[in-house]
Every structure is written in C-alpha cells, then in structure tokens.
Amino acid sequence: ALAPKFEHLTRAFNSEIIATSEAFHPAVCRVFLAVSFPNRSCFSARLLILNQFMDNIQESNNQTPLLEIQGLKTVFPTENGLAVAVDDLGFSLKKGSVLGIVGESGCGKSITSLSILRLVPPPGKTVAGKILFEGHDLLTLSEAQMRSVRGNQIALIPQDPMTSLNPVYTIGDQIMEAIELHQKVDKKTARQRAIEVLDQVRIPQAAARVDDYPHQFSGGMRQR
C-alpha cells in the first residue's frame, strides 16, 4: 500500500533537494536517497531522516555567512619587490560549519589566518580585499576595536603551542589573562573559568593542572 506513495515522495524529495540546495551536488543527494531508502522497510523512520536532512539544508542556505573573505591580498615587501603571500582569496563560512584550507607548505594558509585577525608580522600587510565578520569589515576597524574581536569572537590556535605559550607563566595565568581582558571579571572568577575550560578539553585534574607551566603539559595537552 505504501509503494506508490514511497516512489512518489522519493521523486518529489529528490527534485526538491536538487532544486533548493546550492550546497550539495545532485549526485550527493541521490546517494543520500539511496542510503536512506534502500528498501521499503522502516519507511517512517527513513522519511524522518530525509525531512531532517532537508530542514538542515534549507537552514544552511538561508544563513548569512558568519565570515566572508572577498579578494584578500597580503604582501611582503622585499629587496626584489613584493612577495605575494595571499592573492585574491575568497571564501565564506556559515555559523556551525567547518572549512578546511589545504595546500602545500608556504602557499599562504597561515598568512590567511593571520590576515583575518590583522596579525600579519611586519613588513607584511593586507593591501586589498574585505574581511567581513558578522557583516562588518575587520579591515576598517581601529586597533582598539580589533582587540575586542581577537580572542573574544575569533581565536587563532597556533601550529606550535610550545613556542606560543609563555614558558615563565602558568597555563592558568595565560588563560585567565584573556578571560579578564574580554569578559571583565575578577581574578577569582577568571580562575574558575580557566579550570572549567581545561576540564572541557579533558585535561585530567584541571583544578590542579591550572597552576602547571607549559613544559609540564604534553604536546597534545598544550594544543588543547
């Protein structure tokens, strides 16, 4: 009895997915349908899965990008002229999504991240493009305004935490510094929040380890 309805809904949902989703290639949608509807058993459960899939696609397509890069160009002056580290880069990132940038060593991945936070080491500088975060161009903000963004709304996790963490300060002190600066809380509250975030990334005995120095953490723990 469900067979005609099943086939009709499958064709209808397939058309709707392909018509409304800019994020998924039709082939991907057909694979999803094949996985979701391999047979006519458990029809209701599979239909719920497809409905959720459609809702997620629609919600994603309706979102305004959280971060949008347009025509970004970052250069480094040298004796032989300008070395272009990032040239006409563009991408967008929606809230809740993940974007991976892949490339060979020296292709500009790290400089892209530093450019977004306006932390490109001198004499390098961003000379063109827009960095839109929640609709605001970060390149137009003052340095004081950028400080309220860095570490508060956008964070950068460096590749080598051993060279990024200060060896003469405890892990807790370095976390608390950012919390006190951006959240305007007292030292006691900042310490408690530092312990909480260490616990969230599964640092054992966080309340005790908060007073450890970077060299007392393993490489993986420092990255966390």
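The following exercises, with worked solutions, concern a predicted model.

**Exercise 1.** Determine in which order the four strands of the open sheet are arranged, and identify its edge strands.

*Solution.* Step one: the strands follow the order E2-E1-E3-E4, and their pairing is antiparallel. Step two: strand E2 (81–93) and strand E4 (136–137) each pair on one side only, and these are the edge strands. Step three: strand E1 (residues 67–78) is joined to strand E3 (residues 125–133) by seven bridges in the antiparallel sense. Within this pairing, Gln-70 stands opposite Lys-130 in E3.

**Exercise 2.** State how many salt bridges a search of the whole structure finds, and examine the one between Arg-191 and Asp-211.

*Solution.* Step one: the search finds four salt bridges. Step two: in the bridge between Arg-191 and Asp-211, the N to O distance is 3.0 Å. Step three: Arg-191 belongs to helix H8 (residues 187–200), whereas Asp-211 lies in the loop between helix H9 (206–209) and helix H10 (219–223); the pair, 20 residues apart, links distant parts of the chain.

**Exercise 3.** Classify Glu-143 and Arg-150 as buried, partly exposed or exposed, and describe their salt bridge.

*Solution.* Step one: the closest N and O atoms of Glu-143 and Arg-150 are 2.8 Å apart. Step two: Glu-143, with a relative accessible area of 38%, is partly exposed. Step three: buried means under 20%, so Arg-150 at 13% is buried.

How values were computed
Residues are numbered from 1 along each chain as its sequence is written. This is a predicted model: local features need pLDDT of at least 70, side-chain atom pairs count only at pLDDT 80 or more; totals for chains, interfaces and linings use all residues. Side-chain values use heavy atoms; hydrogens and water are left out. Two strands pair if DSSP finds at least two bridges between them. Helices (H or I, at least four residues) and strands (E, at least two) are DSSP runs, numbered from the N terminus. A salt bridge is a side-chain nitrogen of Lys or Arg within 4 Å of a carboxyl oxygen of Asp or Glu. Buried means under 20% relative accessible area, exposed over 50%, partly exposed in between (1.4 Å probe, protein chains only).
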